[in-house]
Every structure is written in structure tokens, then in C-alpha cells.
Amino acid sequence: MNFFRAVTRSSSIVRPMTQTRMPSPMLARWLSDNLRSQLDKDVKSKPVVLFMKGTADEPMCGFSRAAVQILQVQGVDFEKVQTFNVLADEELRAGIKEYTEWPTIPQVYINGEFVGGCDILLNMHQSGDLEDLLVKEGIVSEDLEDQDKQ
């Protein structure tokens with residue numbers, strides 16, 4: 001091996017070890033003011049808001065189906081749930097991910113606050129935290145769990 005090849009393989013002076021290329025600002029997408037204000041209204045439109053693929057009656061992905069089923073098991077009345085089908089609107093699909101800085105669908109909001117996706121919802125359901133939150137926020141009644149035990 002010649003001297004030049006040996007130096008370039010081992011020296012960080014000649015060949016930096018970190019990436020020096022700056023990310024292109026063209027890769028960033030900014031949420032429009034109109035879409036942001038619409039999403040602000042949408043997440044507060046009902047006590048539970050679910051951005052999903054498909055509808056509550058016909059989910060188009062397993063994670064969206066799981067989110068709906070978890071809410072049903074918790075006893076959430078779907079009159080209190082507003083669902084948005086992100087497959088019907090590409091701007092909504094990309095915008096909601098940017099709005100929450102959460103990369104996946106479905107996304108669940110309870111009384112305007114972002115809770116998380118299917119994985120978070122499932123963990124909260126299994127630990128009992130989701131039930132506590134739904135009772136605390138007045139979405140399901142505490143009496144419902146007493147009725148189930150009888």
C-alpha cells in the first residue's frame with residue numbers, strides 16, 4: 001500500500017469522519033397557516049379525535065383498526081369521537097404528521113391534547129392509564145366499570 005492511501009484511510013485531516021454536507025432546506029415542508037388553523041379546530045372538534053386510515057366502520061389498516069377497537073373496549077361512545085380519513089386527503093395526511101411531529105397514523109387526541117399513536121394507545125390500555133385518562137376527562141363514566149363487574 002502506498003503512503004497516500006495509508007494516510008487517507010487513517011487520517012481524519014484528509015478525510016473527515018463526520019458528514020459535512022448540510023441538509024437541503026428544500027427538504028423541509030412547512031405547514032400552511034390555513035392547514036394549521038384547520039387542524040387546531042379539528043383536534044378540538046369532539047372529546048376524542050382520531051386521524052386514521054379509513055373510517056371507524058371500515059378501517060383500512062391494522063393499526064387504525066386496533067385504535068378503534070381499543071376505544072370500543074374502553075367504552076367510548078363513538079358519538080364523542082370524530083374520525084378523519086387521511087387516505088382521502090394527502091395534504092391532511094402529511095400535515096397531521098407535521099402538526100404533531102409524530103411520523104405515523106393513527107393519531108389520537110383527547111380533549112385537544114395529543115395522546116399518541118396505536119402503540120402508545122395500546123400501552124396505555126394495557127397499563128390502565130387510558131381508562132384513568134378517559135374517566136378523568138369525562139369521556140367514559142366511572143360507573144361503567146362498576147356495571148361491568150356486576
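The model is predicted. In it, the axes of helix H2 (residues 33-42) and helix H4 (residues 90-100) come within 11 Å and cross at roughly 75 degrees. An angle from 65 to 115 degrees counts as roughly perpendicular, and H2 and H4 are therefore roughly perpendicular to each other. On the H2 side, the contact is made by Leu35, Arg36, Leu39 and Asp40. H4 contributes Glu91, Leu92, Gly95, Ile96 and Tyr99. By class, the residues of this contact of H2 with H4 divide into 5 nonpolar, 1 polar and 3 charged.

Leu121, Met124, His125 and Ser127 of H5 meet Asp129, Leu130 and Leu133 of H6. The contact of H5 with H6 has 4 nonpolar, 2 polar and 1 charged residues.

The two contacts are set out below.

| Helices | Axes come within | Crossing angle |
|---|---|---|
| H2 and H4 | 11 Å | roughly 75 degrees |

The next topic is the aromatic rings. The structure holds 4 aromatic pairs. One of them is formed by Phe51 and Phe84, which are stacked, with 4.9 Å centre to centre and 15 degrees between the planes. Phe51 lies in strand E1 (residues 48-52) and Phe84 in strand E2 (residues 81-85), so this pair ties together parts that are 33 residues apart in sequence. Are these two residues buried or exposed? Phe51 has a relative accessible area of 0% and is buried. Phe84, with a relative accessible area of 17%, is buried as well.

Phe51 also pairs with Tyr109: the ring centres are 5.8 Å apart and the planes stand at 75 degrees, so the pair is edge-to-face. Because Phe51 lies in strand E1 and Tyr109 in strand E3 (residues 107-110), the pair ties together parts that are 58 residues apart in sequence. Both Phe51 and Tyr109 are buried. Ring pairs link Phe51, Phe84, Trp102, Tyr109 and Phe114 into a cluster.

Which residues touch the most other members of the largest nonpolar core? They are Val76 and Ile110, in a core of 19 residues. The elements giving two or more residues to this core are E1, helix H3 (62-73), E3, H5 and H6. H3 gives the most, with 4 residues. Leaving aside neighbours within four places in sequence, Ile110 is in contact with Pro47, Val115, Leu130, Leu133, Leu134, Glu137 and Ile139. Leu130 and Leu133 also take part in the contact of H5 with H6.

Last comes the chain as a whole. The protein chain has 7 helices and 4 strands, and along the sequence they follow the pattern α-α-β-α-β-α-β-β-α-α-α. Of its 150 residues, 32% count as buried. Among contacts between residues at least 6 apart in sequence, 59% join residues at least 24 apart.

Technical notes. Residues numbered from 1 in each chain as written. Predicted model: local features only at pLDDT ≥ 70, side-chain atom pairs only at ≥ 80, totals over all residues. Heavy atoms only, no water. Contact = heavy atoms within 4.5 Å. Nonpolar A, V, L, I, M, F, W, Y, C, P; charged D, E, K, R; others polar. Phe/Tyr/Trp six-rings, centres within 6.5 Å; stacked < 30°, edge-to-face > 60°. Buried < 20%, exposed > 50% of the residue type's maximum accessible area, 1.4 Å probe, protein only. Core = buried A, V, L, I, M, F, W, Y, C linked by side-chain atoms within 4.5 Å. Axes fitted to C-alpha atoms, helices over the stretch in contact; angles between N-to-C directions. Parallel < 35°, antiparallel > 145°, perpendicular 65-115°, else oblique.
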